[in-house]
Amino acid sequence: MADQQRLRLPIGIQTFSEIREGGYYYVDKTPIIERLVHQNKYYFLSRPRRFGKSLLLDTLRCLFEGRQKLFEGLYIHDRWDWQQTHPVIRLSFGSGVMRTREELDTRIRDQLFLERERLGVSLQRETDIAGEFSALIRDTHTQYGERAVVLIDEYDKPILDNVLEPERARELREGLKNLYSVIKDADPHLHLVLITGVSKFSKVSLFSGLNNLNDITLDKPYADICGYTDEDVDTVFATELPGLDRAEIRDWYNGYRWGGTDTPSVYNPFDVLLLLQKRQFGPYWFESATPTFLVNLLKERGVFTPELTAWHSRPALLSRFDVDDISTDALLFQTGYLTLKDIHEEVPNRPLYKLGLPNQEVEISLNEALLPALGVSHAVFDDVVIRLPRLLKAADMAGLEAHLKALYAGLPHDWYRNNPIARYEGHYASVFYSHFAALGVQVTVEDSSHHGKVDMTVDFSGHIYLFEFKVVEQLPEGRALEQIKARGYADKYRSTGKPIHLIGVEFSSEQRQIVAFEVETA
């Protein structure tokens, strides 16, 4: 490949014209955009935060406004009728936090006023919000002689910002519903509508009557409408890659999938751009807005953390999201902490989705964020980070046993009384899995389906460790090690040539401590 010119990295830039005129790298999404604008009229797209939704909307705006020069050299340039333009109305709820219906209404009115001013459409008479939005769409059509394009960004943010306060969230939901309800009757004046956000609220609760809203969140043709594919990283950013381990970039940041296993998985753009700038790996996306409400909710519901690696869900659950009914599956999937790993149909046309953690960034960060909720304090974890890798490197089994016993001895006793998760035997196995996963060592969970037990492989520093973790009432039963041997877990690792350590761990729920730690080297 000829030496490509180095361009600027568009970190945090959501304005299409700035990227195209300012000498920035741009990943061409116009082939997918062309398909989008020709197939339907009303669209809904949900993607996690910082995936490029705002840039997508701005690209559409420039396209419909006929800003041909910005598209030179892109796929769509020679396939678009530049004479045909449409006025664009754009609303966004991305900035600031609104706490009341009054604040929301003020924000909506302000945006409607600014759009009228920008489009040169005067308001004939003051009315309510729904009336003003209707008038804006209708009058824009009349003034320009072409139907309007409506683009709404972060449509759900006012509700999500208040999701832990259901009363307030409901109030804001009603305010947004009042705005969005206008779209249905404005049909004769509309050319295209695209609504984007993080979550997918049910049509009934937010878009009542808008039955023709086409949700493309999980549609194969639009799987990579946001995010970078492997090919994008290898071609667009080729000049930035030397000096970075390409396989490691994939392990850390790739792995998001919407639309089936035969569609390309994508990278979060924010991560890729910050890695290329800083030249070191870090949880950039995760740290850009730690979802405290997510961690609190998982703590409240007592999630068995090994299950995060292989979670089964029905499609209906993934889209069930409302103020009074947030399924854990939907929350984790829509916010980007779980992604689609596989789809299988036991019964025809009734798909079952297998979800899992997308990549190393999310596995490390989410488990680390959940450790305090499991009773492992930051101070204890800081100690683990130093001690555990040394023990694994040296294959120090006595040290490993002492480390695990100290970890469980350190779980605060009053923690058990105050947390509903104490009912789950899975708590002990969650601590076991999560404190390894939070280190960033390579962890594979073989069987996460039974709470209280977990079969786990750790591949680190030239050694392979196979753990079977069981919870017993009081006395050791010696079954953990037997089970690893009986299932032949070691067989698939023999070809690696690395020493394989089989470790059976039994944990007494009564004593809250390890009562058996049996080791064998395969």
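**Loops, helix pairs and cores in a predicted model**

Colleague: Does Ser461 count as buried, partly exposed or exposed?
Modeller: Ser461 has a relative accessibility of 38%, so it counts as partly exposed. Please keep in mind that this is a predicted model.

Colleague: And where is Ser461 found?
Modeller: Ser461 sits in the loop that lies between strand 12 (454-460) and strand 13 (463-472).

Colleague: What is its phi, given that Ser461 is not a glycine?
Modeller: The phi of Ser461 is positive, at about 50°. Ala395 is not a glycine either, and it has a positive phi of about 50°.

Colleague: Which loop holds Ala395?
Modeller: Ala395 belongs to the loop between helix 18 (378-394) and helix 19 (397-409).

Colleague: Is Ala395 buried or exposed?
Modeller: Ala395 has a relative accessible area of 18%. Because buried means under 20%, Ala395 is buried.

Colleague: Which residues make the contact?
Modeller: Helix 18 contributes Val380, Val384, Arg387, Leu388, Leu391 and Leu392, while helix 19 contributes Gly399, Leu400, His403 and Leu407. In this contact of helix 18 with helix 19, seven residues are nonpolar, two are polar and one is charged.

Colleague: What about helix 2 and helix 3: how do their axes cross?
Modeller: The axes of helix 2 (residues 30-39) and helix 3 (residues 53-64) cross at roughly 65° and come within 12 Å. These two helices are therefore roughly perpendicular to each other. Helix 2 passes helix 3 in a right-handed crossing.

Colleague: Which residues meet there?
Modeller: Ile33, Leu36 and Val37 of helix 2 meet Leu56, Thr59, Leu60, Leu63 and Phe64 of helix 3. The contact of helix 2 with helix 3 has seven nonpolar residues, one polar residue and no charged ones.

Colleague: A new topic, then. How many residues are in the largest nonpolar core?
Modeller: There are 166, and the members that touch the most others are Phe133, Phe432, Phe436, Val458, Phe467 and Phe469.

Colleague: What is Val458 in contact with, leaving aside neighbours within four places in sequence?
Modeller: Its contacts are Leu392, Phe436, Val441, Gln442, Val443, His463, Ile464, Tyr465 and Phe467. A second, separate core has nine residues, including Leu466, Leu481, Tyr489 and Leu502.

Conventions
Residues are numbered from 1 along each chain as its sequence is written. This is a predicted model: local features need pLDDT of at least 70, side-chain atom pairs count only at pLDDT 80 or more; totals for chains, interfaces and linings use all residues. Side-chain values use heavy atoms; hydrogens and water are left out. Axes are lines fitted to C-alpha atoms, for helices over the stretch in contact, and angles run from 0 to 180 degrees between N-to-C directions. Helices (H or I, at least four residues) and strands (E, at least two) are DSSP runs, numbered from the N terminus. Angles under 35 degrees count as roughly parallel, over 145 as roughly antiparallel, 65 to 115 as roughly perpendicular and the rest as oblique. A crossing is left-handed if the near helix is turned anticlockwise from the far one by less than a right angle, and right-handed if clockwise. Contact means heavy atoms within 4.5 Å. Ala, Val, Leu, Ile, Met, Phe, Trp, Tyr, Cys and Pro count as nonpolar, Asp, Glu, Lys and Arg as charged, and the others, Gly among them, as polar. A nonpolar core is a set of buried Ala, Val, Leu, Ile, Met, Phe, Trp, Tyr and Cys residues joined through side-chain atoms within 4.5 Å. Buried means under 20% relative accessible area, exposed over 50%, partly exposed in between (1.4 Å probe, protein chains only).
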